[in-house]
Amino acid sequence: MLSKDIRSTFLEFFRGKDHLILPSFSLIPQNDPTLLLIGAGMAPFKPFFTGEKKPPHPRVATCQKCLRTPDIERVGRTSRHATFFEMLGNFSFGDYFKEEAIEWAWELVTTGYKLPEDRLYVSIYRDDDEAFEIWHKKIGLPAGRIYRLGKEDNFWEIGTGPCGPCSEIYYDLGPERGCGRPNCEVGCDCDRYLEVWNLVFTQFNCCEDGSYQPLTQRNIDTGAGLERLALVLQGVNNLFEIDTVRPLLQHFCTATGQEYGKDAQHDISLRILTEHVRGICFLIGDGILPGNEGRGYVLRRLLRRAVRHGKLLGRDEPFLYRAVDLVVDEYGAFYPELQKGREYITKVVRLEEERFHETLEQGMKILAELMSATGRNGVFAGADAFKLYDTYGFPIDLTREILAENGLSLDEAGFQAALEAQRLRARSARSANTYGTADAAYEEIKGLATAFTGYGELQTTTEVLAILQDGRRVAQVKAGEEAEVVLAATPFYGERGGQVGDRGLLASGTVKAEVNATKVTPDGQTVHLVRIGEGVLQTGDMVQAVVEDGRRRAVCRNHTATHLVHKALREVLGEHVQQAGSLVAADRLRFDYSHLHALTADQLQAVEERVNEIIWQNAPVSVALATLEEARAMGATALFEEKYGDKVRVVSVGDYSMELCGGTHVRSAGEIGLFKIVSESGIGAGLRRIEALTGAAAYEWFAARNRLLEEAAARLKSEPLQVPEKIANLQYELKEAQRENQRLQLKLAGMEVDGLLDRVKTTGGVQVLSARVSAGNMETLREMADRLKRKIASGIIVLGAVAEGRVLLVGAATPDLVQAGFHAGKLIGEVARLTGGGGGGRPDMAQAGGKDPDRLDDALKSVHDLVQKQKQ
């Protein structure tokens, strides 16, 4: 059975059991800072298991792409370990439980996949008599094929919280795959009994005291590794022989000229290439780019490990990217993000390969030298490992792997110390915002809630709930003092999601307080940073909170414009474009996005024109509330790093753009007025930044340039539209004048040359001419030296001049003296150093420059001594 059929059989089976079939979630976890990447089928459903959120259906089934890296060093060294895998799973959120989960799993493996019952075994938790009864009496499995295992094998828990026993289904691969021991059975650490499905029965809550209390909502979480099922159903021995992986292995055999199975070390490299390229493609397909931290580091680690093993197989140029099409062709039908991103994934892989190849050879040479100096079985210095990481892009795991291959260990503490020192330098280099109090100070106002009214109004009457000064609650604050104020309700938008906080005024009959900034605490409370202008503000006061209207409207224009920019970039550049950050301020907007290359002028113009088209169509801006799943089904764009609640705001601009966003926006696109991109630049590997203006700021940008154009036209005595033509004419006239000037300079130089011949002196039998001359550029100086060479049969010439505050030097030697060992390049370099400069060139002709014109005459006087030294 092919892998695609194993996948569809599983999903269709559970569709028939009234399960909602969901597509795979991204490898990037949503709203879960505890996870770097999705490494299990249940990971995206944690909020449903904990009861934090309501699931879209009480029964769900998925085929989830997963990636884990704890065993990355073992990938390739065995044929069992992998970083990327697909996990089939069925889930119940407070619906069916143990009996149905076991019955359906057995039904699927025996009737759906037609696995022979006599080769199937199960394990249960040692105290789970309920599971034993179901397996033995309901399913009819002999007691001798049901194994009770301990807590470390068959009980799932992570600290306190929901937990429960597991039951696993094993397939007997046969005694030939076993260890040969008489007591070999389920639970043995050999390869005979392969776990193909794990059923987790979440029925307890682990308490702080270590006791277990029954859960009111019991859940089911199962996971069946698709690759493991394929191994069994296709009758092959390991991961690298199944139908989805074997073509990749063959591709790399062909690409490297290797035959798999002939050389154990070469086989390791081939397996690493084969296994890693799948995870690489899926990570990039989900919007992750190579980097030095977090998910980007995982990707870079996989890529560079693969590149290094390609080099071990003789590939010294990028070639990994050629396997992307194979991965996409195999998996793209079920994972459409691969099809959409095919070209982009290929570009990212190739670019990272090229970058690493630039430093790999040099880094490997340095590593080899350092390892040689360390000695066999020694400890490699952590500072040296950090240099390889920081300067040559060697992931530390790659260095560890190479060290282990050579019998060395790493000074981990030294590496961490060097890494931390760099982080401290980076942190100290960043200027901190010292206005207000530290996050820890907000402990005193925990529990206070502020209702946000700013979507529909810019002013409201509200109560002062708390006042903070230097992190402490105070009862009042006086004129001239600064404080942080928490209100019962506020129209002020707190800075978050890239949008700056509002400014404005708090006022009552006797108090006026200027709101200079608004921010949101880690617990979601809105805090107003105020300066009291008049009166005394006290806790419990009723005040009028008024947002600065013009500034808010400017921010709204820029925020809606960022949504239009995002959509336009995806239209012009491709679906791979993803938002990587933004700044929505009153005076400008900044949009960071994933893309490999600088935009061309035509692409920038296309983005700008498309945004303005939507603005001028005056497309309506609408806001709807939905669950995250409903919003995704509508086609709304969500940001992976953003945290969303149970209900999300879906902001739509006509039928053009739809994004999840908590920010403030215009009512219709026409309110933006005008959009202008003012810069586009790179901010990191695969990351670009657009800065733009809208509304009055965009108008002023054009007006300022129009004023410059009119001023230029006035100076040129022409109409504004004729300025380019006028400039072109002036440039032509200037070029002609420069040519005439050069011709006259050369003529004067020729006249000066004749006078210089009288200044030739003989030093040690060699004719030497060293003189300061009048020359406005290096070309004139070289021409003078050439003429002098033609006029004297044998000799050395050094000419110096001063032009625009810098020293120009030219040296020349006739052929006979070059043959005798004299070198104009070395000579002119010595002279240049005496003027604070440098240079050199050929033995017969060379040029140089200097910084100190006052030292030119002394330098020229030294020429005779320098010639004498060369003669010696």
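**Cores and salt bridges in a predicted model**

Let's start with the largest nonpolar core: of its 93 residues, Leu88, Tyr113, Trp135, Trp197, Leu283, Leu320 and Val349 touch the most other members. Helix H8, residues 264-285, gives the most to this core, with eight residues. A nonpolar core here is a set of buried Ala, Val, Leu, Ile, Met, Phe, Trp, Tyr and Cys residues joined through side-chain atoms within 4.5 Å. Buried means under 20% relative accessible area, exposed over 50%, and partly exposed in between, with a 1.4 Å probe and protein chains only. Helices are DSSP runs of H or I, at least four residues, numbered from the N terminus.

There is a second, separate core of 29 residues, which includes Leu573, Val651, Val666 and Ala692.

A word on the source. This is a predicted model: local features need pLDDT of at least 70, side-chain atom pairs count only at pLDDT 80 or more, and totals for chains, interfaces and linings use all residues. Residues are numbered from 1 along each chain as its sequence is written, and side-chain values use heavy atoms, leaving out hydrogens and water.

Now the charges. How many salt bridges are there? The count is 54, taking a side-chain nitrogen of Lys or Arg within 4 Å of a carboxyl oxygen of Asp or Glu.

Take glutamate 99 and lysine 138. Their closest N and O atoms are 3.1 Å apart. The pair links distant parts of the chain, helix H3 and helix H4, 39 residues apart. Glutamate 99 is partly exposed at 31%; lysine 138 is exposed at 51%.

Finally, a network: shared partners join Arg77, Arg305, Arg308, Glu401 and Glu405 through salt bridges.

Technical notes:
Helices (H or I, at least four residues) and strands (E, at least two) are DSSP runs, numbered from the N terminus.
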